[in-house]
Amino acid sequence: MPEIHSDIGPDYLRDESRKTGTADSISFPLNEAEIADAVRWAAANGQCITTQGARTGLTGGAVPSGGHILNLSRMKTITDRDDLIVQPGVTLDEIRAHLKSRGNVFFAPDPTETTATIGGMASCNASGARSFRYGATRESILAARLVLADGDVIALCRGQCMATGRNFRLKTESGRVIEGDLPSYTTPAIKTASGYFVRDSMDLLDLFIGSEGTLGIFSELHLKLQPWPASVWGVMAFFGKEPDALAFVHAVRGLKDKPASIEFFDSCSLNLLRSHRLEGAPEVPADYHTAVYVEYHAADEDEASGMVERMCEALDGCGGSEDRTWIATDDHERERIRLFRHALPEAVNSLIDERRKTDPAITKLGTDMAVPDDRLDELMALYHASLERLGLEYVIFGHIGSNHVHVNILPRTVKQFEQGKAQYLEWADAVIRMGGTVSAEHGIGKLKTPFLLKMMGARGIEDMRRLKRLFDPQCRLNPGNLFAC
Ligand SMILES: Cc1cc2nc3c(=O)[nH]c(=O)nc-3n(C[C@H](O)[C@H](O)[C@H](O)COP(=O)(O)OP(=O)(O)OC[C@H]3O[C@@H](n4cnc5c(N)ncnc54)[C@H](O)[C@@H]3O)c2cc1C
């Protein structure tokens, strides 16, 4: 049994969303048996549980709503197999450092925040730039063990526990059978981290990935590794206008070579980067309006150069030119482009911090929505039109390969902040009408539940609630995440 502390440091009451909660106690289990003991202790004491990884989440998912905090950040064991078996508190940084000694393999999911734990990543189905080729965290999980709300354990191995249509049956380690119906909706076939993942005859491991800690607590994860590509080329192409950049995105997606990532920077992003350039990053000439970064992973230099050659042909047909393109073929050049790209979120945050000094009520407003391929241009036009109409300052950048850009509204006043919030809700309606998702990677947590309700409707939410009750009848695990119990 882990020690139960009633003295809770203030940091454990919040996450990166800046939302703050309350709790009665906290424990730091070191293994699966201790998680189960803490869960049984909480049940015996009528307490709900909020699970925490590194608390880097942006939607308040790890912020407690009273009861007990189960902090898994000390569960750090890594076991080498052909792939990797990890405890949930291992961070992405630690996975990468561990794999350095093996040299020829890597773990593909790459959220920007590398101090995130693998338990948090699996729970939110986190993703990053390279998920365009390698998928989100879901695609890199081969098996998992979870502790359920009564302390029982379930072990799931990809391909071995499948639903039959919309019906499922699972056996816990103690022999208890949990069975019932999956929700009636179908998760859209786009990048998404909104609500329970549901498909006909689905792999039940996928039901738990992205469930934001509401169905069970990941106590162990078996991770899939990828062979490290021998050659990685990065291309930053600049355009004189945004429609050309969008045409290029469509053209690159139509080529036979699948890039690892396709990232976007609108004209406001480039302006911000001009004024916040990091040392060592290249300068952006004044007449470059919009940029698209494409990264190719290949088996050797010849294959990579062929891929980039075909991409450059597409570039010519879209108003771009090789003269206005940076091509990085080695680590040094790629690092310069990386410095350039990574300056952007930092610049946004420092601008907001500056503005908060005059009015602390102001925060960044960042969207996380995605749409199907054929709605991308419509979505971008909508974003620009509404922001220009309201006269709001903003930058748009992100994972355009998956039609998933982050609009960051940069309010100067509380009035602009309120206008931005209202606009965000209107965009959510439009995105849902386009068949899109209200969260593509950050999840719903406690802050975006009104957005999930819009997307799923009352019936979809009730279906999820019904499913949760099969695993967690008293709603003890992460209450308030995704929906009110
Ligand atoms: C600067 C910055 C950049 C970011 N960039 C990205 C990005 O590029 N892509 C992206 O997807 N996200 C990004 N994020 C969001 C965040 O890093 C991810 O959501 C990450 O997966 C959270 O991991 P964590 O360990 O911090 O989880 P926490 O914040 O501690 O928890 C997140 C959720 O997971 C649950 N949880 C945690 N551990 C477990 C477990 N073992 N079992 C069950 N549930 C669990 C929690 O209850 C909570 O609901 C970013 C955040 C920041 C601050």
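Reader: Which residue forms a salt bridge with arginine 310, and how far apart are the closest N and O atoms?

Author: In this predicted model, the partner of arginine 310 is aspartate 257, and the closest N and O atoms lie 2.8 Å apart. A salt bridge is assigned when a side-chain nitrogen of Lys or Arg is within 4 Å of a carboxyl oxygen of Asp or Glu.

Reader: Which parts of the chain does the pair of arginine 310 and aspartate 257 tie together?

Author: Arginine 310 belongs to helix α8 (residues 301–316), while aspartate 257 sits in the loop between α6 (242–254) and β14 (261–265), so the bridge ties together parts that are 53 residues apart in sequence.

Reader: Are these two residues buried or exposed, or something in between?

Author: The class follows from the relative accessible area: under 20% is buried, over 50% is exposed, and partly exposed lies in between. Arginine 310 has 30% and is therefore partly exposed. Aspartate 257 has 7%, so aspartate 257 counts as buried.

Reader: How many salt bridges does a search of the whole structure find?

Author: The search finds 33. One of them joins arginine 102 to aspartate 80, with the closest N and O atoms 2.7 Å apart. This pair also links distant parts of the chain, 22 residues apart: arginine 102 is in the loop between α2 (92–100) and β6 (105–106), and aspartate 80 is in strand β4 (residues 78–80). Arginine 102 is partly exposed because its relative accessibility is 26%. Aspartate 80, at 39%, is therefore partly exposed as well.

Reader: Where do lysine 357 and glutamate 354 lie, and how many residues apart are they?

Author: Both lie in helix α9 (residues 331–358), 3 residues apart, which is about one turn of the helix. Lysine 357 and glutamate 354 form a salt bridge whose closest N and O atoms are 3.3 Å apart. With a relative accessible area of 65%, lysine 357 is exposed. Salt bridges may also share partners: Arg138, Arg158, Asp203 and Asp206 are joined in this way into one network.

Reader: At what angle do the axes of helices α10 and α11 cross?

Author: The axes of α10 (residues 376–390) and α11 (residues 414–433) cross at roughly 155 degrees and come within 11 Å. An angle over 145 degrees counts as roughly antiparallel, and α10 and α11 are therefore roughly antiparallel to each other. Their crossing is right-handed.

Reader: Which residues make the contact of α10 with α11?

Author: From α10 come Leu379, Leu382, Tyr383, Ser386, Leu387, Arg389 and Leu390, and from α11 come Gln419, Gln423, Trp427, Ala430 and Val431. By type, the residues of this contact comprise 8 nonpolar, 3 polar and 1 charged.

Reader: Which residues is serine 211 in contact with, leaving aside its neighbours within four places in sequence?

Author: They are Ser123, Tyr196 and Leu482. Serine 211 is located in the loop between α5 and β11. Its relative accessible area is 2%, so serine 211 is buried.

Reader: Is aspartate 200 buried or exposed?

Author: Aspartate 200 has 53% relative accessibility and therefore counts as exposed. The residue is found in the loop between β10 (177–181) and α5. Not counting residues up to four places away in sequence, aspartate 200 touches Gly165 and Arg166.

Reader: How far apart in sequence and in space are aspartate 200 and glutamate 94?

Author: They are 106 residues apart in sequence and 36 Å apart in space, C-alpha to C-alpha. A second pair can be read in this way: aspartate 359 and isoleucine 396 are 37 residues apart in sequence, with a C-alpha to C-alpha separation of 23 Å. Aspartate 359 lies in the loop between α9 and β17 (365–366). At 26% relative accessibility, aspartate 359 is partly exposed.

Definitions and conventions:
Residues numbered from 1 in each chain as written. Predicted model: local features only at pLDDT ≥ 70, side-chain atom pairs only at ≥ 80, totals over all residues. Heavy atoms only, no water. Axes fitted to C-alpha atoms, helices over the stretch in contact; angles between N-to-C directions. Helix = DSSP H or I, 4+ residues; strand = E, 2+ residues; numbered from the N terminus. Parallel < 35°, antiparallel > 145°, perpendicular 65-115°, else oblique. Left-handed = near helix turned anticlockwise from the far one by under 90°. Contact = heavy atoms within 4.5 Å. Nonpolar A, V, L, I, M, F, W, Y, C, P; charged D, E, K, R; others polar. Buried < 20%, exposed > 50% of the residue type's maximum accessible area, 1.4 Å probe, protein only.
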